[in-house]
Amino acid sequence: MKRFSTKKVLGLIGVWPALLSTCAVLAVGLVAITGGGVVGTIGLLVALLLIVYRQRKALKRRPKGVGLVSRYQSARLLLLFGGGLNYLLAVDASPALMAIFLPGAILIVLEVPLRRTVSLAVPYAANFPNRVTSNKARFRYGWLYVVTLVEIAALALGPAAGLLFPSIAVALLVLQIVLFICASLDVVRRVKQRHHFQREVPQALEEVAPVFYLYWHAPAGSTFQVKMWLPYLERIGVPYAVVVRTIANFREVARLTDRPVILRRSISDLDDILVPSVRGVFYVNNAIRNMHMVFHRSLTHIQLLHGESDKAPSTNPVIRMYDFDFVAGQAAIDRFDKFGIPMPQEMFRIVGRPQVEDVEVAEAGKGGVASLEEPTVLYAPTWKGYQAEANYSSLDAGVQVVEALLRRGCTVVFRPHPYTNRSPEHAAARRAICEMLKVDALESGREHKYGRTAERDMSVTDCYNLSDAMIADVSSVVGDYLHSEKPFAMTSPRHDAEAFVESFPMARAAYVLVVGDGEARDLDALLDDMLGRDDHRETRLHFAEYYLGDIPRENYADRFLEVAREELGLDPHLVAEAYDPAPISVDDDPDLEEMDPESDD
């Protein structure tokens with residue numbers, strides 16, 4: 001079962017809004033009891049600081065978008081009233097002065113309909129030639145939220161400001177009104193622009209004339225699934241577009257490509273994109289919403305997946321719903337038989353793993369890794385998975401693994417899975433390993449690669465090529481690393497070595513490291529073998545062909561292009577120059593606030 005953190009549980013039951021509203025009530029009560037003044041001011045400021053604390057990270061990033069608007073509305077209304085009352089009681093001002101605060105309170109109430117209207121102004125398309133598709137706000141609506149916090153602070157401190165306070169209050173109120181009007185007008189503009197484009201979707205796509213779509217739906221932060229395929233889809237040599245189903249996916253993929261990207265949130269939205277030029281659709285995962293597109297049987301549906309491994313998703317029976325399953329080698333086909341999953345053999349196409357075309361082969365005749373005094377070892381653990389049975393990660397013993405490598409004088413490249421931080425325990429292990437490598441680099445002078453350098457600045461292929469050997473879990477990096485012919489170890493998280501090899505045949509080409517209860521067993525002996533005599537070399541060469549296809553290394557990726565063109569019904573001699581592809585963005589640092597504007601932290 002999926003685990004929920006205490007933070008998520010508290011968020012689901014609304015503890016923080018209730019707690020802050022209670023604090024605001026207590027602050028107002030304190031003002032009423034004490035008759036305003038210093039004590040009331042302190043009470044109001046304490047409650048206000050609690051709100052600021054809760055929003056500290058969002059405020060530090062600047063109030064982007066509409067994410068802050070309407071947060072803790074009840075608490076802010078109470079504090080606004082309490083601040084006005086504090087001023088009136090402390091300085092014995094006229095009650096008529098409260099008229100200044102009433103419009104501010106009304107605007108706080110109106111933040112909710114503003115936020116709901118903004119939800120209609122979602123991004124809808126990008127990169128369509130000759131069409132304006134920008135749906136960005138002209139300014140950051142979140143400043144409206146900041147102004148209300150400043151208003152509350154000014155009210156609380158009003159008695160100290162004396163005669164200057166009414167002028168300050170009026171200035172802040174005017175600013176709040178101007179921001180609200182501007183935000184409202186901008187939202188209306190964005191909604192109208194979106195509706196206008198929606199009516200013209202078929203025409204806009206006909207102008208692009210896409211031959212195929214890349215269809216993608218995944219959790220935010222999963223861009224690696226599409227990024228690995230974009231260069232090769234470009235090389236097919238025909239126009240195409242990307243179809244996504246969520247706002248987060250839209251923002252992420254729009255950073256990666258100059259091809260048209262279109263957001264289709266409902267099933268009915270997909271009907272408008274079935275223009276005459278489209279012949280097929282590529283998929284890179286088994287997301288449940290894929291079936292919404294597969295329903296359109298006039299198109300050719302091709303599953304690519306996002307890696308070659310012995311993980312359970314590689315043999316998901318749902319793959320039967322596609323017309324073709326593009327697999328790297330014969331191993332992917334045999335895997336279904338091994339697990340008793342009947343599949344129509346005619347749907348398989350062996351295309352290799354084009355992503356490994358730049359993986360460098362170990363130099364022959366150099367004595368292998370055993371001849372190196374300080375070999376470089378890549379440690380590439382996978383993530384925890386959504387269910388216990390899908391947890392293949394070795395990160396519980398990751399510190400021990402890296403310590404053993406450092407004792408041997410190895411240079412370490414540490415590249416964990418992009419989803420590692422979804423587990424608090426594994427996030428902590430990741431930080432501990434990075435810190436360990438940082439300290440060792442200062443003491444030994446070895447140039448370890450870790451953190452942003454290994455995870456963002458370097459591609460996974462760069463990590464392969466820099467290393468002389470690898471330790472990894474059950475994941476696609478193992479299959480790709482076979483192409484290098486270098487030695488590698490696979491971790492077995494729940495089995496002994498013999499049972500592990502039976503369940504995961506790729507391990508026959510690996511040195512198996514049994515990991516259990518946070519401990520890597522017989523680790524030093526395994527490293528002696530892997531970094532020493534390396535008895536598995538011939539087995540690796542055999543499995544490289546079995547898993548990655550019997551495809552000549554020269555122009556290795558061309559096999560994928562040839563098969564893709566064939567199944568799309570294109571001229572088999574079509575070359576990429578027939579369509580001039582735009583460069584692909586390499587922005588690998590998505591703005592998490594844009595992906596999840598609702599996040600408090």
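## Salt bridges

The structure holds 22 salt bridges. The model is a predicted one. Some of these pairs are described below.

Arginine 76 and glutamate 111 form a salt bridge in which the closest N and O atoms are 2.6 Å apart. Arginine 76 belongs to helix α5 and glutamate 111 to helix α6 (residues 101-118), so this pair ties together parts that are 35 residues apart in sequence. Arginine 76 is buried, and glutamate 111 is buried as well.

Glutamate 425 is joined to lysine 384 by another salt bridge, with 3.7 Å between the closest N and O atoms. This pair links distant parts of the chain: glutamate 425 is in helix α17 (residues 424-444), while lysine 384 is in the loop between β9 and α16, 41 residues apart. Glutamate 425 has 36% relative accessibility and therefore counts as partly exposed. Lysine 384 also counts as partly exposed, because its relative accessibility is 23%.

## A further pair and a network

Aspartate 529 forms a salt bridge with arginine 533, and their closest N and O atoms are 2.8 Å apart. Are these two residues buried or exposed? Aspartate 529 has a relative accessible area of 25%, so aspartate 529 is partly exposed. Arginine 533 reaches 58% relative accessibility and therefore counts as exposed.

Salt bridges can also be linked to one another. Arg131, Glu200 and Glu207 are connected in a network of salt bridges.

## Helices α2 and α5

Two packed helices are described by the angle between their axes and the distance between the axes. For helix α2 (residues 15-34) and helix α5 (residues 73-91), the axes come within 9 Å and cross at roughly 10°. Helices α2 and α5 are therefore roughly parallel to each other.

By class, the contact of α2 with α5 has 13 nonpolar, four polar and no charged residues. On the α2 side, the residues in contact include Leu20, Val25 and Val31. On the α5 side they include Leu78, Phe81 and Leu85.

Strands of a sheet pair through backbone hydrogen bonds, either parallel or antiparallel. Here six strands form an open sheet with mixed pairing, in the order β10-β9-β11-β12-β13-β14. Strands β10 (411-414) and β14 (519-520) are the edge strands, and each pairs on one side only.

Strand β9 (residues 376-380) pairs with strand β11 (residues 469-472) in the parallel sense, over four bridges. Leucine 378 stands opposite methionine 470 in β11. Helix α16 (residues 398-407) lies across β9, β10, β11, β13 (511-516) and β14, and runs at about 175° to β9.

Conventions:
Residues are numbered from 1 along each chain as its sequence is written. This is a predicted model: local features need pLDDT of at least 70, side-chain atom pairs count only at pLDDT 80 or more; totals for chains, interfaces and linings use all residues. Side-chain values use heavy atoms; hydrogens and water are left out. Axes are lines fitted to C-alpha atoms, for helices over the stretch in contact, and angles run from 0 to 180 degrees between N-to-C directions. Helices (H or I, at least four residues) and strands (E, at least two) are DSSP runs, numbered from the N terminus. Angles under 35 degrees count as roughly parallel, over 145 as roughly antiparallel, 65 to 115 as roughly perpendicular and the rest as oblique. Contact means heavy atoms within 4.5 Å. Ala, Val, Leu, Ile, Met, Phe, Trp, Tyr, Cys and Pro count as nonpolar, Asp, Glu, Lys and Arg as charged, and the others, Gly among them, as polar. Two strands pair if DSSP finds at least two bridges between them. A salt bridge is a side-chain nitrogen of Lys or Arg within 4 Å of a carboxyl oxygen of Asp or Glu. Buried means under 20% relative accessible area, exposed over 50%, partly exposed in between (1.4 Å probe, protein chains only).
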